[in-house]
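Here is a short tour to read alongside the structure. Keep the viewer open and follow the topics in turn.

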Amino acid sequence: MTETQIDTLRSAIHSIPDYPKAGIMFRDVTGILDDAEAFQLTIEILANKFKDGGFTKIVGTEARGFLFGAPLALAMGLGFVPVRKPGKLPRATYAQDYQLEYGHDTLEIHQDALTKDDNVLIIDDLLATGGTIEATTKLIRRLGAKVTDAAFVISLPDLGGEVKIQDMGLSVFSLLQYAGE
């Protein structure tokens with residue numbers, strides 16, 4: 001990525017102090033979505049980065065992973081698989097619990113969404129502690145598919161998610177990083 005591209009993306013990110021609670025600097029990626037140039041640039045950079053990776057499917061995590069994963073899948077000519085909160089998918093699912101900072105949550109995937117022949121790229125908007133992507137990776141592997149890469153619009157490396165995901169054998173790529181968050 002060029003410095004100009006980085007500047008374009010950074011200028012579209014809104015930083016919201018003390019949201020959702022005091023002491024948090026929230027990085028709002030929806031500014032990219034309402035800026036056609038930044039949105040198109042995001043998808044182009046990701047597509048160019050991963051075009052030769054042999055991927056067969058893009059998996060996006062609820063909910064902002066859908067916003068970047070679906071257009072990326074379209075740009076790359078691949079299918080898109082959503083990983084959702086419980087009760088949102090209509091066919092038979094597998095579920096995976098994961099830890100949040102204060103509690104736990106669950107994600108689900110259709111049992112027939114992937115096969116052992118699939119090579120998956122995970123897409124999400126933000127990597128913080130890595131719990132969501134850890135759960136998503138476990139679901140993908142439970143279906144027998146291969147997953148070695150995860151990509152994000154933003155990473156907050158000081159929160160440990162990059163290390164957690166790398167320890168699972170995934171390569172991590174992010175368009176933007178914000179330290180100390």
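In what order do the five strands of the open sheet stand, and is their pairing parallel or antiparallel? The order is S4-S3-S7-S8-S9, with parallel pairing. Please bear in mind that this is a predicted model.

- On average, neighbouring strands are turned by 20° against each other, with direction ignored.
- Strand S3 (residues 57-61) runs parallel to S4, and five bridges join the two.

**Helix H3**
- H3 covers residues 36-50, 15 residues in total, and spans 21 Å from its first C-alpha to its last, close to the 21 Å expected.
- At the start of this helix, the backbone nitrogen of Glu37 has a side-chain oxygen of Asp35 within 3.1 Å.
- H3 lies across S7, S8 and S9, and it runs at about 155° to S9.
- Its buried residues are Ala38, Leu41, Thr42, Ile43, Ile45, Leu46, Ala47 and Phe50.
- Those buried residues pack against helices H1 (3-12), H2 (30-33) and H4 (64-76), and also against strands S7 (119-127), S8 (146-155) and S9 (171-177).

**Pro71**
- Pro71 sits in helix H4, and its relative accessibility of 24% makes it partly exposed.
- Leaving aside residues up to four places away in sequence, Pro71 touches Phe39, Ile43 and Phe66.
- Ile58 is 13 residues from Pro71 along the chain, and their C-alpha atoms are separated by 9.9 Å.

**Aromatic rings**
- The structure holds five aromatic pairs.
- One of them joins Phe50 and Phe55: the ring centres are 6.0 Å apart and the planes stand at 75°, so this pair is edge-to-face.
- Phe50 and Phe55 are both buried, and together with Phe173 they form one aromatic cluster.
- The rings of Phe66 and Phe80 also make an edge-to-face pair, because their centres are 6.0 Å apart and their planes are at 85°.
- Phe66 belongs to helix H4 and Phe80 to strand S4, so this pair ties together parts that are 14 residues apart in sequence.
- Phe80 is partly exposed, at a relative accessible area of 27%.

Methods:
Residues are numbered from 1 along each chain as its sequence is written. This is a predicted model: local features need pLDDT of at least 70, side-chain atom pairs count only at pLDDT 80 or more; totals for chains, interfaces and linings use all residues. Side-chain values use heavy atoms; hydrogens and water are left out. Helices (H or I, at least four residues) and strands (E, at least two) are DSSP runs, numbered from the N terminus. The expected span of a helix is 1.5 Å times one less than its number of residues. Buried means under 20% relative accessible area, exposed over 50%, partly exposed in between (1.4 Å probe, protein chains only). Contact means heavy atoms within 4.5 Å. A polar contact is a pair of N or O atoms within 3.5 Å; within protein, one must be able to donate a hydrogen and the other to accept it, and residues adjacent in sequence count only if both atoms are side-chain atoms. Two strands pair if DSSP finds at least two bridges between them. Axes are lines fitted to C-alpha atoms, for helices over the stretch in contact, and angles run from 0 to 180 degrees between N-to-C directions. Rings of Phe, Tyr and Trp (its six-membered ring) pair if their centres lie within 6.5 Å; planes under 30 degrees apart count as stacked, over 60 as edge-to-face and the rest as tilted.
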